[in-house]
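I have a new model open and my notebook ready. Let me jot down what I look up as I go.

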Amino acid sequence: MATLRETRDRIRSVNSTKKITKAQELIATSRITKAQQRVEATQPYAAELRDVMSRLAEASSLDHPMLRERDNAKVAAVLVVTSDRGMCGGYNNNVLKRAHELEEMLTQTGHDVVRYVTGKKGVGYLDFRELEVAGAWTGFSETPTWDGTHDVRHHLIDGFLAGSDDEAKWRDGLNAPEGQPIRGFDQVHVVYTEFESMLSQVPRVQQLLPIEIAYEDDEFNPPGMKESTGDGDISSDMDFEPDPDTLLDALLPQYFSRTLYQIYLESSASELAARRNAMKSATDNATDLVNDLTRIANQARQAQITQEITEIISGAGALSDSGESD
């Protein structure tokens, strides 16, 4: 009886968990479509911005701090994009593992690593291991917005423009108190998860700063960028107003910000797909476990009934034998 009671209690517990995992699966499934639509909605702007940057690169001097590879670069910033919630399988573990590999590689090449992280899971991971974090942002992993990622983008731009040789620059606003010195760096790397399909989400590493201008004939495309749908011709004798260098100075921060925002959109779709797959697997496992436990409970109940019948027959036989003996 005790075993049968425990089995039934466990069946109820598994069924309760199954309801939660099924609900999470349905929620993630409904949100993936919206996440994919957000990625696709940025494509036209991305293509046009890429066209403009390519044309400006032909006409300008390309003498800009965000384009210049620094000699003796010694400090590299690493931004790790994780989720705010769990129940998404190996999504966070894979990207954190990739970030650790990147840190080791940068350290071996003589770089000091400055860590930045978005998502509560990444923050908790680094805090638990008592690793120093220069900046952390949370609250927008599933539904990133342009305004919500503003601080991240501008913080990285400010740090890169400050440079590792000038840590005395003072920053205004953002997440740090006014007057707090910014830690400058010479490179910016981002570790995120690229959405390839509903079943495949791959951790990627991309260097965002200094920016590498993509010409029309290049195969390089930032995440989510597609080839231009325009005529594709770059005219070296085009007239720009104002001059190309001034336009490049104004557009480079926008180019960086759009690329980083696209990364957050990719990561959002990847997180939802990973959660949907993990919750579907958990629901299927719960169904199999309930079936197994139900079979065990039925066997235990059958054995109990058989034992009770045997005891009744034995008792009746004993009474019958007792009457005959009298």
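**Ground rules.** This is a predicted model, so I note that local features need pLDDT of at least 70 and side-chain atom pairs count only at pLDDT 80 or more, while totals for chains, interfaces and linings use all residues. Residues are numbered from 1 along each chain as its sequence is written, and side-chain values use heavy atoms, with hydrogens and water left out.

**The sheet.** I looked up the strand order first: it is an open sheet of 5 strands, β3-β2-β1-β4-β5, with mixed pairing. Helices (H or I, at least four residues) and strands (E, at least two) are DSSP runs, numbered from the N terminus. Two strands pair if DSSP finds at least two bridges between them. From one strand to the next, the twist averages 25°.

**Pairs.** β2 (residues 112–118) pairs with β3 in the parallel sense over 3 bridges, and I found Thr118 opposite Trp137 in β3. β4 and β5 run antiparallel, joined by 9 bridges. They form a hairpin with 2 residues between them, and Thr193 stands opposite Pro203 in β5.

**A helix on the sheet.** Helix α3 (residues 91–108) packs on the sheet and touches β1 (75–81), β2, β4 (187–197) and β5. Contact here means heavy atoms within 4.5 Å. The direction of α3 makes about 145° with that of β4; axes are lines fitted to C-alpha atoms, for helices over the stretch in contact, and angles run from 0 to 180 degrees between N-to-C directions.

**Arg275.** I found Arg275 in helix α6 (residues 244–325). Is Arg275 buried or exposed? At 1% relative accessibility it counts as buried (buried means under 20% relative accessible area, exposed over 50%, partly exposed in between, with a 1.4 Å probe and protein chains only). Its side chain reaches the backbone oxygen of Gly86 at 3.0 Å.

**Thr143.** I looked up Thr143 in the loop between β3 and α5 (150–162). Thr143 is partly exposed, at 48% relative accessibility. Its C-alpha atom is separated by 6.6 Å from that of Ser268, 125 residues apart along the chain.

Terms used. Polar contact = N/O pair within 3.5 Å; in protein donor to acceptor, adjacent residues only side chain to side chain.
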